[in-house]
Amino acid sequence: MPCCGRKRASLRPAGYASPAMATTPRPRAPIGAAPPGVVFEYRGGGVLTVIGQATGRQYRFVGHGARVAIDLRDRTSLTAVPALREVTPHQ
């Protein structure tokens, strides 16, 4: 019984590679990476967990003065939290 797979393969354009055959890895952002310079400081006491509205990521601040680097897309939603303030990393 003939196989139709060879016919389909011959119809592909020259140089075609299926996703499974691709050899070039796609660049990925490091896990937990945040743009440099986007840091928030906790001014309250205890522990505060905030969920970024844009990304859905959880940011955990443990104790007064805790600083956490955040994703730039979550900046607006974190500025609305009264106990947090944006700081530059070297402050």
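How many residues lie between strand 2 and strand 3 in the hairpin that they form, and which glycine in the turn has a positive phi? Before I answer, please keep in mind that what we are looking at is a predicted model.

Let me begin with the chain as a whole, which contains two helices and five strands, arranged along the sequence in the pattern α-β-β-β-β-α-β. Of its 91 residues, 24% count as buried, and the chain exposes about 7,100 Å², with carbon and sulfur atoms supplying 57% of that area.

Now to the hairpin: six residues separate strand 2 from strand 3, and the residue in the turn with a positive phi, of about 80 degrees, is glycine 56. The two strands, of which strand 2 covers residues 47-51, pair in the antiparallel sense over five bridges, and within this pairing leucine 48 stands opposite phenylalanine 61 of strand 3. Strand 3 itself, residues 58-62, has a covered face made up of Tyr59 and Phe61, whereas Gln58, Arg60 and Val62 form the uncovered one.

Tyrosine 59 and leucine 78 are 19 residues apart along the chain, and their C-alpha atoms are separated by 9.6 Å. Is leucine 78 buried or exposed? Leucine 78 counts as buried, because its relative accessibility is 0%.

Technical notes: Residues are numbered from 1 along each chain as its sequence is written. This is a predicted model: local features need pLDDT of at least 70, side-chain atom pairs count only at pLDDT 80 or more; totals for chains, interfaces and linings use all residues. Side-chain values use heavy atoms; hydrogens and water are left out. Buried means under 20% relative accessible area, exposed over 50%, partly exposed in between (1.4 Å probe, protein chains only). Helices (H or I, at least four residues) and strands (E, at least two) are DSSP runs, numbered from the N terminus. Accessible areas come from the Shrake-Rupley method with a 1.4 Å probe; for residues, only the protein chains shown count as cover. Two strands pair if DSSP finds at least two bridges between them.
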